[in-house]
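This report covers a nonpolar core, a ligand shell and a sheet, in that order.

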Amino acid sequence: MPLPEEVAAWVLAETVRRRASLRDVAQEYFSRNPGLEYMKPLVRVLTLGVARNYMLLDKALVNGGYGPPSHSTSWMLARVLAYEAVSGRLKPGRARRLAPKAGVDAEYLLGLRGARPSEIVRGLGGVERWSVLFSTPRWIIEELLEAGVPDVPGLLAALNRDPVRWIRVRPGVDVGRLAEELRGEGVVIEPDEDLPDVAVIRSGAGRATRTRAYREGLYVLQDKASSLVTWVARPGGRVAHDPTAGAAVKASHAAWLGARYVVAGDLKPGRLGEAVGLLRRLRLRHMVDLVVGDARAPYIRGAEVVVVDPPCSDIGRLQYEPEVKLWLTRGDAKYFRRLQLRMLVRQLENAPRGATVVYSVCTLTYSETIWVVRNALRSVQEAELASQEPFIGERPRKLPQAQRMLPHMHRTQGFFIARLVKL
Ligand SMILES: C[S@@+](CC[C@H](N)C(=O)[O-])C[C@H]1O[C@@H](n2cnc3c(N)ncnc32)[C@H](O)[C@@H]1O
């Protein structure tokens with residue numbers, strides 16, 4: 001029978017090979033091996049820990065003459081053991097049994113017990129040091145610096161922590177009363193000071209999808225920064241369009257904020273299947289038309305509010321899915337920025353005069369934020385950047401009309417939001 005470290009190593013290697021999510025790959029593994037279900041929590045801790053710290057663990061191993069690092073199952077096992085050692089959890093028996101399979105000396109691993117990150121990166125300086133210390137590829141750090149994100153080390157440290165969880169509450173629901181009811185079911189929430197329909201989950205986030213109020217559609221799990229996007233779009237009384245709607249989280253918010261009606265599109269029919277589920281739970285199915293369509297080839301005319309929320313490198317969501325760091329390349333960011341620019345330009349061209357087009361991404365790279373907006377404005381002369389209300393984020397020096405929500409400053413996902421108007 002495999003040990004949890006071996007399962008974790010397999011899940012990690014398979015996740016990278018398939019560019020899938022750790023959660024999905026682990027889920028599949030345990031549904032095929034129900035007898036090992038008891039390992040799940042430990043495998044989760046190990047896989048998350050390795051994904052968040054993989055470059056630091058590689059450095060600890062390379063310092064001992066091992067390597068070069070790879071994403072093979074045996075190197076993943078070496079990382080898992082090094083993670084257990086550095087976090088002070090590696091037992092000698094476990095180390096001696098598994099170290100040979102990882103091709104590493106057990107005594108070397110045991111010697112890493114309790115090693116401080118600052119010791120492991122000794123001798124490194126500048127961006128290289130941050131890169132290894134926070135296990136973030138160098139190109140991502142260079143993109144963040146180019147975007148002028150304040151306190152990059154603070155951001156990188158925050159991206160390696162667990163996220164703060166948020167909910168968005170249905171209009172008309174008394175948040176105080178909801179909080180009382182949820183407390184009885186083990187979920188503690190507190191209203192947000194900035195957005196009237198948002199609350200932070202103080203504890204019990206794991207139970208938040210199993211409450212009566214959730215089943216009855218009184219709230220949605222949604223990060224505060226993501227909710228801010230629809231507030232900035234101000235869809236009240238207008239026809240709103242979300243051409244990259246995914247599961248319709250923002251589209252449902254547009255309906256709750258009083259849009260006359262909403263047209264939500266996505267290239268992938270499967271995503272719209274998820275949207276149907278959400279809209280039914282929220283009893284909003286009648287308010288939102290779903291369309292399989294390509295955001296690069298606009299198919300509706302006359303929408304007064306458009307939210308372009310395209311696929312991105314997801315760096316603002318690393319707290320949830322740190323595994324993305326293991327395969328994301330600068331080439332991916334360049335691919336996304338081309339796709340994003342095309343979508344934004346085509347939606348701006350198609351929008352009627354006076355329309356609002358909000359561009360949002362849950363990433364913070366220069367390429368996918370400031371570069372996209374500047375180039376879109378260059379392509380579409382009849383569009384201009386506009387101010388935003390509410391403005392609760394950080395103001396990028398290179399594009400002061402935009403706002404960014406930053407995990408280390410706002411306790412949210414990393415998000416970039418720009419509001420444009422068609423002249
Ligand atoms: C960041 S997600 C959108 C999340 C969504 N706005 C929400 O709040 O739930 C981006 C979505 O764009 C979709 N997508 C990718 N390429 C597309 C295209 N060419 N046209 C339309 N949708 C596309 C993806 O399937 C994905 O669901």
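A nonpolar core is a set of buried Ala, Val, Leu, Ile, Met, Phe, Trp, Tyr and Cys residues joined through C-beta atoms within 7 Å; buried means that 20 or more other C-beta atoms, placed from the backbone, lie within 10 Å of the residue's own. The model is predicted: local features need pLDDT of at least 70 and side-chain atom pairs count only at pLDDT 80 or more, while totals for chains, interfaces and linings use all residues. Residues are numbered from 1 along each chain as its sequence is written.

The largest nonpolar core has 133 residues, and Leu81 and Ala82 touch the most other members. Beyond four places in sequence, the contacts of Leu81 include Leu90, Leu98 and Leu109, as well as Glu5; a contact requires C-beta atoms within 7 Å.

Around the ligand there are 19 residues, of which Thr244, Gly246, Val249, Lys250 and Ala295 come nearest. A residue counts as near if its C-beta atom lies within 6 Å of the molecule. The shell divides as nine nonpolar, two polar and eight charged residues.

An open sheet of four strands runs in the order 2-3-1-4 with antiparallel pairing. Pairing takes at least two DSSP bridges, and strands are DSSP runs (E) of at least two residues, helices (H or I) of at least four.

| Strand | Residues |
|---|---|
| Strand 2 (edge) | 188-191 |
| Strand 4 (edge) | 219-221 |

Strand 2 and strand 3 (residues 198-203) pair over four bridges. Glu190 has Val200 of strand 3 as its bridge partner. Helix 11 (residues 175-184) packs on the sheet, touching strand 1, strand 2 and strand 3.

Terms used:
Buried ≥ 20, exposed ≤ 12 C-beta atoms within 10 Å, placed from the backbone. Contact = placed C-beta atoms within 7 Å. Nonpolar A, V, L, I, M, F, W, Y, C, P; charged D, E, K, R; others polar. Axes fitted to C-alpha atoms, helices over the stretch in contact; angles between N-to-C directions.
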